[in-house]
Amino acid sequence: MNNKKARVIAFYLPQYHPTPQNDKFWGKGFTEWTNVTKAKPLFRGHYQPKLPADLGFYDLRLPVIREQQAQMARDAGIEGFMYWHYWFGNGVMTLQDIFEDVLKSGKPDFPFCLGWANHEWSNKTWTKGKAFQKDTVIFDMKYPGEKDWIAHFNYCLPAFKDKRYITVDGKPLFYLWQAFRMPDLKEFIACWQKMAKENGLPGIHFVALWWSDSEFTKESFERYHDVGIEAINPAYLTYAEDRALGSKLRKKIRGLYNRVTLGNFGSIKKFDYKNIIPYLTKEIDKEDIVYPTILSGYDRTARSGVKATIYYNYTPELFSRHIKQIIDSVQDKPFEHRIVFLKSWNEWAEGNYVEPDQKYGHGYLDALRDNIIIK
């Protein structure tokens with residue numbers, strides 16, 4: 001008998017180690033930790049910097065760290081990690097070393113799947129430093145066509161066949177970040193489905209992030225279904241922020257308050273986490289084709305400084321309330337489709353993590369465990 005209320009899959013950033021590209025564009029030894037440690041509070045009560053506790057400022061090249069992460073996630077009721085996968089076309093990749101080592105070594109023995117983060121990389125990711133005089137593209141996102149689809153599939157195939165790979169109805173789950181940015185999306189999906197069956201798999205379970213500001217309906221999903229996408233993961237953040245602000249007058253007052261408290265240079269958008277979480281689930285989340293999201297905070301101060309979007313007052317108590325709301329929304333589904341994504345396991349530079357930190361310790365992990373595992 002399954003001892004979990006839902007299949008929670010955590011987004012996992014395979015960074016936190018130097019790479020040639022980061023060395024070139026941001027300085028020797030740059031990792032996510034570089035700016036995480038430099039973040040400053042932007043208003044009274046703003047929790048920054050957000051600093052790790054148990055695992056410290058880890059280097060993901062160390063297998064012992066990955067084992068500890070897996071054990072923490074397992075204890076919290078998380079089914080597995082969704083490793084962000086960066087394929088820019090023509091075999092150009094980055095941050096692949098960590099997942100490749102996980103795949104090759106067989107460790108940690110913890111379920112995983114891949115999420116294709118199909119977007120360009122530019123210096124806009126971080127607030128510009130002295131190294132940049134203008135906007136610079138670090139990795140351009142390209143879609144060369146069928147030969148690239150085949151090469152990409154063959155790269156992923158050993159992962160799809162790994163016993164740890166997360167499946168839905170027997171099919172390996174593959175997540176698309178920006179599905180409709182891809183030319184010939186329907187043909188790409190058909191190609192991969194054909195290759196999957198030729199290689200002894202029942203197919204690929206394609207899941208796409210559902211981008212929308214307001215209208216999330218079963219009918220509007222047809223656009224995804226028509227190209228071969230089987231399930232969607234709705235992004236409600238813009239919708240939630242808009243609802244949390246309320247009336248136009250309230251928005252103007254909030255903008256004026258931010259300018260006064262931050263000075264004329266400030267353009268942050270700040271929201272109380274408790275005002276955001278009521279809007280992070282909708283009735284459509286109860287549909288089998290919809291995989292909702294648990295949002296583990298959000299604060300881009302480390303990346304964007306005074307241009308950040310910040311959800312403040314992200315506490316374990318409020319997080320627990322939010323988790324329960326999301327888990328409850330999927331309880332009437334067959335367990336196989338009772339999938340919930342956790343955004344995220346370790347996006348420290350976006351204040352979007354559940355790993356132990358110096359303020360709340362294991363509070364976020366405890367909240368997950370208490371709401372996911374059946375006692």
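Reader: So, Cys191: buried or exposed?
Author: Cys191 is buried, because its relative accessible area is 12% and the cut-off for buried is under 20%. Keep in mind that this is a predicted model.
Reader: And what about Cys113, buried or exposed?
Author: Cys113 is buried too, with a relative accessible area of 0%.
Reader: How many disulfides turn up in the whole structure?
Author: Zero, searching the whole structure.
Reader: OK, switching to the core. Which residues have the most contacts inside the largest nonpolar one?
Author: Phe174, Phe319 and Leu368, in a core of 121 residues. Helix H6, residues 185-198, gives the largest share of that core, with seven residues.
Reader: What does Phe319 touch, beyond its neighbours within four places in sequence?
Author: Its contacts include Tyr273, Ile294, Leu342, Val354 and Leu368. Apart from that core there is another one, of five residues, among them Leu42, Phe43, Ile268 and Ala308.
Reader: Now the three-stranded sheet. What's the strand order?
Author: E11-E14-E13, an open sheet with mixed pairing. Strands E11 (269-272) and E13 (298-299) are the edges, each pairing on one side only.
Reader: Which helix packs on that sheet?
Author: Helix H8, residues 237-245, touching E11 and E14. The direction of H8 makes about 75° with that of E11.
Reader: And how do E13 and E14 pair?
Author: In the antiparallel sense, over two bridges, with E14 spanning residues 309-312. Tyr298 stands opposite Tyr311 in E14.

Note on methods: Residues numbered from 1 in each chain as written. Predicted model: local features only at pLDDT ≥ 70, side-chain atom pairs only at ≥ 80, totals over all residues. Heavy atoms only, no water. Pairing = 2+ DSSP bridges. Helix = DSSP H or I, 4+ residues; strand = E, 2+ residues; numbered from the N terminus. Contact = heavy atoms within 4.5 Å. Axes fitted to C-alpha atoms, helices over the stretch in contact; angles between N-to-C directions. Disulfide = S-S within 2.5 Å. Buried < 20%, exposed > 50% of the residue type's maximum accessible area, 1.4 Å probe, protein only. Core = buried A, V, L, I, M, F, W, Y, C linked by side-chain atoms within 4.5 Å.
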